[in-house]
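Me: I have a model open and want to go through it. Can you take my questions as they come?

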Amino acid sequence: MIDYLKESTFVVNDVISDAWDVLKKRYLAIAGICFSLFIVSNISGILAAYLSSVNIVLSVFMALLFLFLYFSIQLTLFKHIFQVLDKSADQVKLRKSFPTLKEIIYFFACVLTITVGTFLGYLIISVVFFPLIYLVDIEMMVNMVYVITIILFSYTFLRIAFFPFFILDKKESPFKSIRLSLAVTRGNFVKIILIIAFFALSGSLYLYFSYRGYPFISTILSLINSFVIIPLSSVTFIIAYRKMVHDYKGDSDPSIMQNII
């Protein structure tokens with residue numbers, strides 16, 4: 001296990017190093033798109049707080065509009081990074097990075113599928129653990145169901161989180177994108193966790209210094225997160241996806257049950 005962790009760490013280091021090289025090529029464009037995500041997120045939060053006390057229907061409509069806009073920009077970011085990886089510098093154009101309507105529909109179809117699947121999974125776990133009501137009190141049983149659902153959902157979500165890349169890169173359908181994400185991440189879960197841990201460290205430092213009352217340091221860390229860590233993490237996960245796809249030797253149309261564990 002120790003040897004496997006060492007090997008995984010070296011692989012993660014290589015991925016992050018490659019991502020940094022890619023980011024330097026198109027830093028302004030990638031960071032600019034990330035900044036757009038930041039602006040949309042903050043404006044939506046401000047409007048949500050204001051409109052909630054004015055008109056609930058308008059508030060819901062604006063929330064859906066900003067969700068659509070936010071994820072469209074997110075897909076634009078991913079698509080632009082794929083361009084940087086696949087094309088020469090003079091061929092990379094930001095206007096060619098905008099997702100098509102089909103890609104956006106596929107993305108939200110996946111999101112809806114995952115949402116419904118999570119709800120159904122929670123119901124199934126609740127039914128399975130319901131007999132425990134005769135051994136423990138209801139509150140304890142409910143808490144157990146919550147904890148187990150969160151653990152299983154977190155594990156599954158990290159496995160299927162690469163579905164947007166299959167939609168944008170391979171032009172796959174929603175359900176096949178989810179299945180392929182499960183398949184290529186099989187055996188790579190530790191590496192994904194290590195990548196997340198690397199980027200989570202910076203966020204943890206920001207929270208720590210902010211909590212301890214060091215505004216100057218926390219402001220610097222916030223700027224680093226916004227203009228370095230977030231753009232770098234986006235490139236890193238796409239490069240990790242490409243490496244996993246390259247090493248994948250399984251079925252081109254895998255089933256869920258064969259790859260869930």
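Reply: What follows is a short exchange about this model.

Reply: This is a predicted model, in which local features need pLDDT of at least 70 and side-chain atom pairs count only at pLDDT 80 or more, while totals for chains, interfaces and linings use all residues. Residues are numbered from 1 along each chain as its sequence is written, and side-chain values use heavy atoms, with hydrogens and water left out.

Me: How many helices and strands does the protein have?

Reply: There are 10 helices and 0 strands, taken as DSSP runs (helices H or I, at least four residues; strands E, at least two) numbered from the N terminus.

Me: What share of the residues is buried?

Reply: Of 261 residues, 34% are buried (under 20% relative accessible area; exposed is over 50%, partly exposed in between; 1.4 Å probe, protein chains only).

Me: And what share of the contacts is between residues 24 or more positions apart?

Reply: Such pairs make up 72% of the contacts with a separation of 6 or more, a contact being heavy atoms within 4.5 Å.

Me: Switching to Glu-103. Which helix is Glu-103 in?

Reply: Glu-103 belongs to α4, residues 101-129.

Me: Is Glu-103 buried or exposed?

Reply: Glu-103 counts as buried because its relative accessible area is 6%.

Me: What does Glu-103 touch, leaving aside neighbours within four places in sequence?

Reply: Glu-103 is in contact with Leu-75, Lys-79, Ile-167, Leu-168 and Lys-171.

Me: Now the surface. Which residues form the nonpolar patch?

Reply: The patch consists of Phe-35, Phe-38, Ile-39, Ile-43, Leu-223 and Phe-227, with about 510 Å² of accessible area together. Patch residues have over 30% relative accessible area and no salt bridge; nonpolar side chains (Val, Leu, Ile, Met, Phe, Trp, Tyr) are joined within 5 Å, like charges within 9 Å. A salt bridge puts a side-chain nitrogen of Lys or Arg within 4 Å of a carboxyl oxygen of Asp or Glu, and areas follow the Shrake-Rupley method with a 1.4 Å probe, only the protein chains shown counting as cover for residues.

Me: Which helix gives the largest share of the patch?

Reply: That is α2, with 4 residues; α2 (27-51) and α9 (215-247) each supply at least two.

Me: How exposed is Phe-38?

Reply: Phe-38, in α2, is classed as partly exposed because its relative accessible area is 43%.

Me: Last one, where is Ser-17?

Reply: Ser-17 is in α1, residues 2-25, and its C-alpha is 9.9 Å from that of Leu-232, 215 residues apart along the chain.
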